[in-house]
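This report looks at how the parts of a protein model meet, within a chain and between chains. Please keep the coordinates open while reading.

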2 protein chains.
Amino acid sequence: MNWGALDRYAKSLIKEAAQHIKHSFFTEIEISAKSSANDLVTNIDHEIEQFFIKRIRRDFPEHRIMGEEGFGDDIQSLDGFIWFLDPIDGTMNFVHQKRNFAISLGIYIDGIGMLGYVYDVMADDLYSAMKDEGAFLNDIRLPSLEDTTIEQAIIGVNASWVAPNRYVETAPMIDLVTKCRGTRSYGSAALELTHVAAGRVDAYMSMRLSPWDVAGGIIIANEVGAISSTLTGVRPGLLQQETFVVANKSIHTQLLEEFIVLKK
Amino acid sequence: MNWGALDRYAKSLIKEAAQHIKHSFFTEIEISAKSSANDLVTNIDHEIEQFFIKRIRRDFPEHRIMGEEGFGDDIQSLDGFIWFLDPIDGTMNFVHQKRNFAISLGIYIDGIGMLGYVYDVMADDLYSAMKDEGAFLNDIRLPSLEDTTIEQAIIGVNASWVAPNRYVETAPMIDLVTKCRGTRSYGSAALELTHVAAGRVDAYMSMRLSPWDVAGGIIIANEVGAISSTLTGVRPGLLQQETFVVANKSIHTQLLEEFIVLKK
């Protein structure tokens, strides 16, 4: 495989898809709900996923695709080439803000992340990484993350984590929110992963993410030394919905041991 | 007063200050703490405030200035012309993210907001408004806000609001976080005001803000029909630190009556 050529191919595809998304603002976007009233999807999510799949199947017929909207393959194992695609990550932002959403793409071979992309369409910020070759924001290399402490950290945690929920204990979470320097919440898992990779936020966590939400961003975060795992500390399996945390290496273990206490 | 000319003057001053801020990324920024370890200030905050004050005093010697860093006047009444200036709103973002901070400026006469500006320096997004003349993002007019409901609303609320605190009752806040469509937190009061004005977020609240944090954004939000008040529902007094909420008109009262319950 010529990875440089595949990298150029993927970037070109992403930029072309972004043009379609931007044009969509001049047409009527059809919004509907999926699993719940707050789990939104639009006709644009569908169209963009179909655009990617059509191209990838034409040009790489032996590769498999796992896409958020279900037009890809039924993936039960990580064997071979798999493209993990979220055509619009942060659909609520897409609908409500017309910004702060991203195209997320990760290309894996036998479960190893080789090429990762998160494109903040409206800001024209393309985060990308190739395994062992570093991570970039557009053409600028992202430096390796420096160590930090909980007291100096900005944590990407939504207010719903502090409200009683069925995943984590509330008291240690309140402790975290109180101890850290500040909290932020942006509404797109893929973009929050890039914020961690760029050192803008020192950790991001979610109670339930799908492989296409994180597959691209994990590769980017990995190249600057951030650690991604489930909330039980194991490597994301990328075959089903899981809990998720990505953090600066110097606070990842402490977050899991002291502050994110899973309910029994 | 030629308001059009004053508007052009203020915009020019803001853009010139922004150039200084961007250049500062190529030099060493000196960071220190103010009231607490998380209340940061830098030499750039100081330099930018002094830049504004020098110019305003030269060109409008009869006007008074209230600035975050204390180089302005000691303001005890709202009489006459007052410029409310935050040279860098969101200093933690400035230091930690090198983006998502703003220059905030509001020009008032006898307590009436006449010209408001919030400039997202790194995104090059200048939000501005002149009283009764509408609000703009760069040269594009922001439309009046459409009505919404709590269930459809995105609420700008930090995780610390849901943790026990000395300002508001926790239970109704948990209720709000659970009922609304989603929450966001960006770390700059001035920018969060513009998100409400642009309809990206439907409400934003804070337990303690100073006049310079909100004076510019209030004028912008007001022009699209958003309501600003303290958490007790009265108009911000702009002479001291106060609680603050800005919201889409259709949910402002409900937020104060049902969800933001002040501790006795």
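## Basis of the model

This is a predicted model, in which local features need pLDDT of at least 70 and side-chain atom pairs count only at pLDDT 80 or more, whereas totals for chains, interfaces and linings use all residues. Residues are numbered from 1 along each chain as its sequence is written, chains are lettered from A and ligands numbered from 1 in the order in which they are written, and side-chain values use heavy atoms, with hydrogens and water left out.

## Two domains in chain A

Chain A is assigned domain 1 (3–141) and domain 2 (150–259), with bounds that come from an automatic or database domain assignment. The centres of these two domains of chain A, taken over C-alpha atoms, are 21 Å apart. In contact terms (heavy atoms within 4.5 Å), 39 residues of domain 1 of chain A meet 23 residues of domain 2 of chain A.

The size of an interface is often given as the accessible area lost when the parts come together. Buried area here is the accessible area (1.4 Å probe) that two parts lose on being put together, summed over both; between domain 1 and domain 2 of chain A it is about 2200 Å², with 64% from carbon and sulfur atoms. Asp89(A), Tyr108(A) and Tyr127(A) supply 23% of the area that domain 1 of chain A buries against domain 2 of chain A, more than any other three residues.

Between the two domains of chain A there are ten residue pairs in polar contact, both residues at pLDDT 80 or more, where a polar contact is a pair of N or O atoms within 3.5 Å; within protein, one must be able to donate a hydrogen and the other to accept it, and residues adjacent in sequence count only if both atoms are side-chain atoms. The elements giving two or more residues to the side of domain 1 of chain A that touches domain 2 include β4 (81–89), β5 (102–109) and β6 (112–120) of chain A, and β6(A) has the largest share, seven residues. Helices (H or I, at least four residues) and strands (E, at least two) are DSSP runs, numbered from the N terminus.

## Pairing of chains A and B

Chain B is superposed on chain A by a rotation of 180 degrees with 0.0 Å of shift along its axis (RMSD 0.0 Å), which is the relation of a two-fold axis. Of the residues of chain B, Ala159(B) comes closest to the rotation axis, at 2.0 Å (C-alpha), and the same surface serves both copies, since 100% of the contact residues of chain B recur in chain A.

The chains meet through 35 residues of chain B and 35 residues of chain A, burying about 2900 Å², of which carbon and sulfur atoms give 50%. Between chain B and chain A, 19 residue pairs are in polar contact, both at pLDDT 80 or more, and α3(B) gives the most to the side of chain B that touches chain A, with three residues.

## Salt bridges

Side chains of opposite charge can pair when their charged atoms come close. With a salt bridge taken as a side-chain nitrogen of Lys or Arg within 4 Å of a carboxyl oxygen of Asp or Glu, the count over all chains is 19. Two salt bridges link chain B and chain A, and Asp125(B) pairs with Arg99(A) in a salt bridge (3.1 Å, N to O). Between domain 1 and domain 2 of chain A, the count is zero.

Within chain A, the side chains of Asp7(A) and Lys11(A) form a salt bridge (3.3 Å, N to O); both residues lie in helix α1 (residues 3–24) of chain A, four residues apart, about one turn of the helix.

How values were computed
Copies are superposed by least squares on the C-alpha atoms of residues with pLDDT of at least 70 in both.
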